[in-house]
Amino acid sequence: MSLLVVGSVALDSVETPFGTADEVVGGSGTFFAASASHYTPVRLVGVVGSDYPVERLQPLAARGVDLSGLETASGESFRWRGRYRHDLNVAETLETRLGVFAGFEPKIPASFRESKYVFLANIHPALQHAVLDQVSRPALVACDTMNLWIETQRNELVRLLGRVDLITLNDGEARQLTGSPNLLKAARWILDQGPKYVIIKKGEHGALMFTGASVFFAPAYPLEQIFDPTGAGDSFAGGFMGWVAKTDDVSERNFRRAVVYGSAMGSFAVERFSIDRLLEVGQDDIAARVKDFHALVSLDGAPQA
Ligand code: AMP
């Protein structure tokens, strides 16, 4: 089923305790598309500057990502520079250069407007609204955001909550948005603004999905080495939405499965810089990891005492 994502297509420079990467392919839309493309064809809308090495996006096109909605504007591409110290759950933004994103007006190609599944990846909330103004009756609209927009665009963001079915955000962002240190209360506050589902990601401690009546938890995959956490959240969302679009099932039961597929994709993303690992893995790797997730929470497989 058709899956549309609008988000940043960036050049990332990242420092982690294990190494540095300079001007590598990044961006919320890019990580999402690389991840979701393992499940379903993806339509990516975004903007790059005239300096962007677009040939580096070819592997995405080869994986079924439709790049016809990716605009090239004159000017500099969006660049993000970040650092992770020993707490890999916390990204420290060193520099954000909006470049062509500053004047970007998303134009959803006519052939993308009927997309059944829509993901508003992390970009300025005004752009997220502009996308919703152009699509007709999706079965599911989900969004992501970040601390920058919570600080500077709170009203627009809260208004967006009234227009989406589901939001993914990390625990720090949920606390910042709601003013509540307690995640249950934070989730309830967000649900009161409109979405039927709230997914709060807790990095290496897994993810919680809240509805008005239930809470579901999936652990994160226990990796021996998290190499670079950049893009984990977007890859989670890509796995989640990709699975939902592939199965074309918006039941809560299926969303629980989707959380596990999202967690699996997030765990791959952090094994290498950029989208490298996401491009490398195949269906067998994903199936094996999802199986491991089941074993992780199964009470039946425990060794006998
Ligand atoms: P995450 O999944 O949260 O680790 O997202 C990482 C990606 O978000 C990086 O590849 C960045 O290029 C992108 N990013 C960082 N800041 C912004 C921003 N203000 N707007 C859009 N994308 C951003």
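Ser-267 is in contact (heavy atoms within 4.5 Å) with Tyr-221, Leu-223 and Arg-289, once its neighbours within four places in sequence are left aside. The model is a predicted one, in which local features need pLDDT of at least 70 and side-chain atom pairs count only at pLDDT 80 or more, while totals for chains, interfaces and linings use all residues. Residues are numbered from 1 along each chain as its sequence is written, and side-chain values use heavy atoms, with hydrogens and water left out.

Ser-267 sits in helix α9, residues 252-269. Helices (DSSP runs of H or I, at least four residues) and strands (runs of E, at least two) are numbered from the N terminus. With a relative accessible area of 5%, Ser-267 is buried. Buried means under 20% relative accessible area, exposed over 50%, and partly exposed in between, with a 1.4 Å probe and protein chains only. The side chain of Ser-267 also makes a polar contact of 2.9 Å with the side chain of Arg-289. A polar contact is a pair of N or O atoms within 3.5 Å; within protein, one must be able to donate a hydrogen and the other to accept it, and residues adjacent in sequence count only if both atoms are side-chain atoms.

Ser-214 is in the loop between β12 (207-210) and β13 (215-218). Its relative accessible area is 17%, so Ser-214 counts as buried. The side chain of Ser-214 has a polar contact of 2.8 Å with the side chain of Thr-211 and one of 2.7 Å with the side chain of Glu-252. Beyond four places in sequence, the residues in contact with Ser-214 are Met-209, Glu-252 and Arg-256.

**The ligand site**

| Residue | Protein atom | Ligand atom | Distance |
|---|---|---|---|
| Asp-234 | side-chain N or O | oxygen | 2.7 Å |
| Gly-233 | polar backbone atom | oxygen | 3.1 Å |
| Asn-122 | backbone N or O | nitrogen | 3.4 Å |

Taken alone, the ligand exposes 510 Å², and the protein buries 87% of that. Accessible areas come from the Shrake-Rupley method with a 1.4 Å probe; for residues, only the protein chains shown count as cover.

**Helices α1 and α8**

In α1, nine of nine residues are buried, among them Phe-31 and Phe-32. Helix α8 holds Ala-245, which is buried at a relative accessible area of 0%. Leaving aside neighbours within four places in sequence, Ala-245 is in contact with Met-1, Leu-3, Thr-40 and Tyr-117.

**Aromatic pairs**

Rings of Phe, Tyr and Trp (its six-membered ring) pair if their centres lie within 6.5 Å; planes under 30 degrees apart count as stacked, over 60 as edge-to-face and the rest as tilted. The count is eleven aromatic pairs. Tyr-39 and Tyr-261 form an edge-to-face pair, because their ring centres are 5.8 Å apart and their planes stand at 90°. Tyr-39 lies in the loop between α1 (28-36) and β4 (42-49) and Tyr-261 in helix α9, so the pair ties together parts 222 residues apart in sequence. Both Tyr-39 and Tyr-261 are buried. Phe-18, Phe-227 and Phe-273 form one aromatic cluster.

**Positive phi angles**

Most residues other than glycine have a negative phi. Glu-23, in strand β3 (residues 19-26), has a positive phi near 50°. Glu-23 is partly exposed, at 29% relative accessibility. Ser-274, in the loop between α9 and α10 (276-280), has a positive phi of about 55°. Ser-274 is buried, with a relative accessible area of 7%.
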